Amino acid sequence: MVLFASVVVAVVLFVVLFSWAFQRRLIYLPSTGAVPPAATTLVDARDVQLTTSDGLRLGAWYLPARGPTGTFTILVANGNAGDRSLRAPLARALANQGFGVLLFDYRGYGRNPGSPSEEGLARDVRAARQFLIDEGVPGNRLLYYGESLGAAVVAELATEHPPAGLLLRSPFTDLASVGQIHYPFVPVRALLKDRFPVAEYLARVAGPITVVYGTEDSIVPPGESRRLVAAARRPTRLVEVEGADHNDPALLNGDVLVQAVVELVNEINRNRPP
């Protein structure tokens with residue numbers, strides 16, 4: 001019995017130490033290969049660089065708005081995997097609606113320098129926003145779009161730099177909640193370095209918010225996304241994509257998703273002071 005107990009304790013300690021030391025490799029899954037030039041993937045897009053507050057230079061693609069004066073520009077914050085080239089179909093679908101789009105890669109993604117962390121991604125998204133402001137995009141014509149982990153990134157940004165609107169695709173209440181679902185025997189909340197408390201952020205965001213989720217999401221359970229509606233400071237529109245899993249095309253550039261962006265912009269325009 002003593003030997004068995006010792007083995008169990010050793011295994012638990014190993015799991016805990018492994019989880020602590022290598023957790024960011026489980027959270028952040030970057031593509032480190034070369035990203036193709038913007039023009040080969042998106043018509044009228046150009047390659048640009050973002051400069052972070054700690055001096056990193058990040059690759060990005062910028063597609064200016066092609067619609068009438070006053071059209072919105074959408075800052076897209078990626079999820080935890082791949083690089084910006086995977087979001088090209090989304091950018092193309094949004095551009096077809098007349099929107100401008102900025103796709104960028106976090107530090108450590110797409111051959112960018114640095115290593116990803118919660119603090120680092122906060123710096124990266126601020127560099128993305130500042131680029132758009134410097135390009136002449138008015139803050140009241142800027143929409144934040146966050147995909148999964150990116151929803152946490154833009155929600156935090158919105159607490160400091162409010163956008164015209166916020167669209168969160170497959171968001172979670174906080175990272176620990178999702179981690180505990182996937183690793184039920186690990187004390188995730190006690191070990192986690194990067195917390196991404198989305199629900200706390202939304203309680204401080206005053207602008208219009210739309211949450212889009214898939215009813216069959218196996219990565220971020222639908223209940224996680226639905227709970228954000230109660231956490232938000234103001235009434236939040238909830239859009240479900242029936243039968244969609246986390247990485248299905250319907251949640252990348254599907255009609256329901258794109259229409260949710262259009263309807264969010266229509267809501268902003270309806271409520272804009274004359």
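## Confidence

Local features here need pLDDT of at least 70, side-chain atom pairs count only at pLDDT 80 or more, and totals for chains, interfaces and linings use all residues. Residues are numbered from 1 along each chain as its sequence is written, and side-chain values use heavy atoms, with hydrogens and water left out.

The protein has a mean pLDDT (the predictor's confidence in each residue, from 0 to 100) of 89, and 89% of its residues reach 70 or more. Over residues 2–20, the pLDDT is below 50. Where pLDDT is low, the predicted coordinates should not be read in detail.

## Nonpolar cores

A nonpolar core joins buried (under 20% relative accessible area, 1.4 Å probe, protein chains only) Ala, Val, Leu, Ile, Met, Phe, Trp, Tyr and Cys residues through side-chain atoms within 4.5 Å. The largest one has 51 residues, and Leu50 and Phe172 are among those with the most contacts inside it.

## The largest pocket

A pocket is an open set of points on a 1 Å grid over the protein atoms alone, where a 1.4 Å probe fits, with protein on both sides within 12 Å along at least five of seven lines; lining residues have an atom within 4 Å of a point. The largest pocket is lined by 32 residues, with Leu26, Ile27, Leu29, Asn80 and Ile219 nearest its centre. Helix α1 supplies the largest share of this lining, 5 residues.

Technical notes: Helices (H or I, at least four residues) and strands (E, at least two) are DSSP runs, numbered from the N terminus. Buried means under 20% relative accessible area, exposed over 50%, partly exposed in between (1.4 Å probe, protein chains only). Contact means heavy atoms within 4.5 Å.
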